Amino acid sequence: MEKTDILSLTLAELETYIEKMGEKKFRAKQIFQWLHCKMAETFEEMNNISLALRTKLDEDFCIKRLESVRKLESGIDNTIKYLYRLPDGNFVETVLMEYDYGISLCLSTQVGCKMGCKFCASTIAGFERNLYPSEILQQVYCTQKDTGKKISGIVLMGIGEPLDNFENVMRFLELVSSADGYGLSLRHVTLSTCGIVPKIRELAHKKLGLTLSVSLHCPDNQGRSEIMPINKTYNVNEVIEATKEYIDKTGRRVTYEYAVIDGVNSDRKSAQSLVKLIRGINCHVNLIPVNSVSERNYRSSRGSALNFQKMLTEMGINATVRRTLGSDINAACGQLRREAGSEK
Ligand code: SAH
């Protein structure tokens, strides 16, 4: 029988297991703290738990681990890009970014991606599988252990579409924010989506307090469908309506991500359509100079993004141009994993 993935269990679930084993309930909390505060990798380390219980735990449960196989450190700032090997031989990427206010981690939620955005390296080789909550958590724990620095913020903007792995991502959020565990406030979490409308609405109902970031990238349906196939299922207007609901339900401001691509969405007409679409919405626009991906011909520069920003500002919409971190290790998201292939 396959062992249960203990890191993916909530404290309440662990308590149920422990009581079924005939042990006292408080033992569950001790084990949970070993896993999520001390980040134990083996049951053997848990030295306030009896040897008999540790042996039993080892028979029934596994602690999923990641192995760091590549680590690229920027010589310009303190950005670090990790390539982690999952227990089944697949790979994911995690990026650590250092800001004045703390350390933020960009996490992957899937191996590959189904969404097919034309400018994105993560999706070119297709979709392999969802990450388990434990595998998303271990990106945090392994990186913290490697650097010795507490992670103060998380962005779900690595490989994968978080709302396409909804249950596991929700469970990850519950675990990482647990007061008995890692205790990261969800106020310091940003979830980025390409626009899976029913899931945006479901997330709104949960009122988790996290920041929603929506990858808009193009204000009109024809253009957006060309670069983001998901637009054929949930179009621009439906995405905008869903984000309005998110704002209404949560009281939080939404971010629209806009990767500026020369000759595709960087002209004045695009800026005008964008302004028309989002005027009056409690939102922020984040402009990203598109990272070129070797297989695609998309190009832009900080100059194009700044120019687009200027047009938006003139029309009364505030936007920022995303600061480029780690530009010397700037393999676009998903590139490292593709270079590594799979060892499955
Ligand atoms: N699937 C989610 C999160 C992962 S991508 C989403 O679509 O939002 C995180 C952000 O990076 C998204 O806004 C995505 O559109 C953007 N992105 C992907 N590839 C890019 C590239 N080559 N250049 C600039 N931004 C890119």
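Which domains does the domain assignment of the protein give? I looked this up and noted domain 1 (4-62) and domain 2 (67-343); such bounds come from an automatic or database domain assignment.

Basis of the entries. I am working with a predicted model, in which local features need pLDDT of at least 70 and side-chain atom pairs count only at pLDDT 80 or more, while totals for chains, interfaces and linings use all residues. Residues are numbered from 1 along each chain as its sequence is written, and side-chain values use heavy atoms, with hydrogens and water left out.

Entry on the domain pair. I took the centres over C-alpha atoms and found 34 Å between domain 1 and domain 2. The contact (heavy atoms within 4.5 Å) draws on 15 residues from domain 1 and 15 residues from domain 2. I noted a buried area of about 1300 Å² between domain 1 and domain 2, with 57% of it from carbon and sulfur atoms. Buried area here is the accessible area (1.4 Å probe) that two parts lose on being put together, summed over both. On the side of domain 1, Leu7, His36 and Met39 lose the most area to domain 2, together 42% of what that side buries.

Entry on polar links across the interface. I recorded three salt bridges between domain 1 and domain 2, each requiring a side-chain nitrogen of Lys or Arg within 4 Å of a carboxyl oxygen of Asp or Glu. I also recorded seven residue pairs in polar contact across this interface, both residues at pLDDT 80 or more. A polar contact is a pair of N or O atoms within 3.5 Å; within protein, one must be able to donate a hydrogen and the other to accept it, and residues adjacent in sequence count only if both atoms are side-chain atoms.

Entry on the ligand. I listed 17 residues around the ligand (a heavy atom within 4 Å), and Phe119, Ser192, Ser215, His217 and Asn291 come nearest. A polar backbone atom of Phe119 is 2.8 Å from a nitrogen atom of the ligand. For Asn291, a backbone N or O atom lies 2.8 Å from a ligand nitrogen. Glu161 places a polar side-chain atom 3.0 Å from a nitrogen atom of the ligand.

I found 18 salt bridges in the structure. Among them, Lys149 pairs with Glu98, with the closest N and O atoms 3.4 Å apart. Lys149 lies in the loop between helix H4 (133-147) and strand S9 (153-156) and Glu98 in strand S5 (residues 91-99), so the pair ties together parts that are 51 residues apart in sequence. Helices (H or I, at least four residues) and strands (E, at least two) are DSSP runs, numbered from the N terminus.
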